[in-house]
Each structure stands twice: as structure tokens, then as C-alpha cells.
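Me: I'd like a close look at just one part of this: the surroundings of the ligand. Please walk me through them in one go, with the cut-offs as you use them.

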Amino acid sequence: MIPLSEAREFVLSKCKPGPMVTVPVDDAADLVTSSDLAAVGPIPPFDNTAMDGFAVRAADVADAPVTLEMIGTIAAGGAPDMTVGEGQAVRIMTGAPMPPGADAVVMVELTEMAEDESSVDVAESVPVGNHIRPTGDDVQAGQIVFAAGTHLRPAHLGVCTSIGVYDIPVFARPRLGVISTGDELVDGPRPLGIGQIHDSNRHTLLALVAAMGATPVDLGLVPDDEDQIRTAMTNAADSCDAVITSGGVSMGDFDYVKKVLTEIGDMRWMQVAIKPAKPLAFGTVNGTPIFGLPGNPVSSMVSFELFARPGIRKMMGHDEPLVPSVPALAGADMNRGPDGKTHFARVHATLREDGRYEASFSGGQGSHQLSAMAAANALAIVPSGDGIKQGEPVDLLML
Ligand code: AMP
Ligand code: MG
């Protein structure tokens, strides 16, 4: 067995950030920027009002209540064609540019307009700058809004377009092929014959890939047949940026994935000191990274979290491929024996009143018991030894 860190370093050494490309803003969600992004102009681009109300000179309302002459209206999108002089006011709508001369806004709730709209009563005084959003208050012209390596979430995309950038320099979104292998697997809601089971891994893995912001490519089911596995793996490596297979990498007689990948790829077969997901096949076929995950449904998911996720994150350009663990307390005993492996227990963590997580097993811990994975929101990292007692600290890998 090799330590988890060694297996992971090997995986990361073969996963390279994708090519730098420029994509339309609406295709950039969840990608990572490949260069700094600077604002051409300031945001907001002009002084504007944060409230519906009246643009005034603060000095004119210092002795409020006062009555001011109303000289016009500016809507959002309008251009002021007046200057506010002494004793004057302009009706103004949220987002509209401030008219020259005015230095404050009185919100509409503190005013009463004459019926003929020739004047307005202002009930209270306001300070200079009141309710004004000054030019550049959010972003200054020339400012680097996002450094290279920024993970683009929805707000980032909004900032890009607000500075007029509609094409974003990013690391390309990787295409991840997902293949299930095994003669026993059946796809679709068909009745099962003797010895058959429905393929669950492919659907889980496709969804995990999609949730990360990579592009999942469903490459279907392949039976335990050498030729078909060879064809499927070669095509997958040629058509995708990385490939995830499950099944056929352990010690069974019909584990042809191992045989074929050894032949056509540069693979390393690892026994990692973890439970579940001890067997891991990883390497490259024609330069394309191939993750050979174990077949047991829980193992394939845990293996995805520990190896595929960091590898894909690196391909996507994340500076830090590993997801940090979160400190918690054991809500119940997590018993185990010393076996030299780190256990990744399926747990459900709840937030306590003191703001700390408390985690307990979410169900059966067999590597075939996928329902416990569905009930889990984290994996508890339980090091080799006699386990963790209720109330003791435990680190969580949040799912
Ligand atoms: P293997 O790694 O091929 O030896 O498979 C280990 C276990 O996982 C066996 O019980 C398989 O039936 C099961 N298994 C393999 N692939 C899948 C899959 N795609 N969906 C559900 N179970 C699977
Ligand atoms: Mg199999």
C-alpha cells in the first residue's frame, strides 16, 4: 500500500491546466481566469442616485423643512439637461445620473411635491453626498478586478459585463468521458436477469463532473470484453481531455480494464492506504489522463473525491487542487481497528449552536451501501487506530 499523499501527487503530476482560451461570458461559469482582468472604465461610470427622490444642494435643505423650486425630472438612462441652482430641486429616479449643481439626494419619503409639480417640500436636512453612488465606488478605472486564477462564479460574470468585458480569458472547460465496465451492468429501467444490477456509477460520476463545472461526456457501458474495452478506452482518450472509468481494476479474473490499459497506456496500478477505494488505476493513454476507479459504488465516489476531483480542479486551472477539510466533533463513537489505512466514513454533519460541526455515521459503511453516501454530506477522515470517540475532534471532507 502507498500513502494517499503519494497517490495523489502522482495523479496531480499528470493533470495539466487546460489550454487558455477566450469564451463568451455566458459560457464562463465555474471556469478559472487565465489572465488578469482590468476594468477599462470606472463602475459606476457616473455619479448616480441610490434612491428615488430629489437631487438638491445640501446647503439648501440645512434648515428643513423648506420648499424648493422643481426644475425637472431625470429617469434612469436619462441625461441631465439642467443645473441645480440655489433653492432648486430635480426629481430623480434610482440609477439616474446626478445633475450638475446638486450634491445630495433626499429620498421621496421625506418630500411632498406640489400638485402642479412646480415645487417640493423637503421635511429633513441631509448631508452632502447623501444617497449618491459616486463614480468608481465599486471599481476604479484600470483596477485589476480579477487576478489570473479567479474561479468565476455568478457575481464575477456580472462584474465582467459591468466593465464591458464579454469575452473572458479562461482555462478551457475540460471534457470528461465517463465509462462503466462490467458484464453484470444494465442501463435503463429494465427488469434484471440473474446476476445483473443497474449501472449506478456512471450516473453518479457524470453528475459529479457536471457539478464541478467540467463537461461530462457519457461514454456508456462496456462489457468485460477485451476488444470492446480496448476500443472504448482508445476512443475515449482521443475524444476527451480525461477519462473516468469504474470497475475492473481490482484482483478479479475478468478485470480486463487493467489488462487493456496496461497494454495501451502508461498506467500505474496502486493500492492506496485508504478505505474504501483502495485500488486505483491512474495514468495516461496517448497523453490523456485516465482515472480507473474501483467498481463498488461508494468506492468509486470516494475515489472521485480523493483523486479525480483534485485532478480535474488542476486541469480547470485552480491554484489549489485540494479541497480543504473542515474541523468537526464526533457526534457518536467512530469505531475501527488499526489496519494502516485512513478510513473515509460516510457521515452526516449538523451545525451546532456554537457553530461547530458534529458528525455521525449516515448509515451502513459497506462500500456497496450507496444509500449511506446519499444520506451523507461529508466524509469523516478517521486515521488508522482505535477510532474516534464521541466528542473528540474529527476532520471532514465536505461533499
Ligand atoms: P469491480 O471493481 O469490477 O470488481 O466491481 C466491484 C463491485 O462493484 C461489483 O460488485 C460490481 O458489480 C460493482 N460495480 C461495478 N461497476 C458498477 C457500476 N457501474 N454500478 C454499480 N455497481 C458496479
Ligand atoms: Mg467488474
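Reply: Start with Glu184: an N or O atom in its side chain is 2.5 Å from an oxygen atom of ligand 1, in a predicted model. That pair is a polar contact, meaning N or O atoms within 3.5 Å of each other. Asn201 uses its side chain too, with an N or O atom 3.4 Å from a nitrogen atom of ligand 1. Gly295 works through its backbone instead, where an N or O atom lies 3.1 Å from a ligand oxygen. Taken on its own, ligand 1 has 480 Å² of accessible area, and the protein covers 78% of that (Shrake-Rupley, 1.4 Å probe).

Some bookkeeping: residues are numbered from 1 along each chain as its sequence is written, while chains are lettered from A and ligands numbered from 1 in written order. Local features need pLDDT of at least 70 and side-chain atom pairs 80 or more, whereas totals for chains, interfaces and linings use all residues, and side-chain values use heavy atoms, without hydrogens or water.

Now the shell, counting residues with a heavy atom within 4 Å of the ligand. There are 16 of them, and Glu184, Asp199, Ser200, Gly248 and Gly295 come nearest. By class, that's three nonpolar, 11 polar and two charged (Asp, Glu, Lys and Arg are charged; Ala, Val, Leu, Ile, Met, Phe, Trp, Tyr, Cys and Pro nonpolar; the rest, Gly included, polar). Strand 13 (175-181) and strand 15 (197-198) each give the shell at least two residues; strands are DSSP E runs of at least two residues, helices H or I runs of at least four, numbered from the N terminus.

Zooming out, ligand 1 sits in the largest pocket, i.e. more than half of its atoms lie within 2 Å of the pocket's grid points. Of the 41 lining residues, Pro276, Asn296, Pro297, Ser299 and Ser367 are closest to the centre. The lining has 14 nonpolar, 18 polar and nine charged residues. Strand 23 contributes the most, four residues, and helix 6 (297-315) is among the elements supplying at least two.

Most peptide bonds are trans.

Definitions and conventions: Polar contact = N/O pair within 3.5 Å; in protein donor to acceptor, adjacent residues only side chain to side chain. 1 Å grid on protein atoms, 1.4 Å probe; cavity = no way out; pocket = protein on both sides within 12 Å on 5 of 7 lines; lining within 4 Å.
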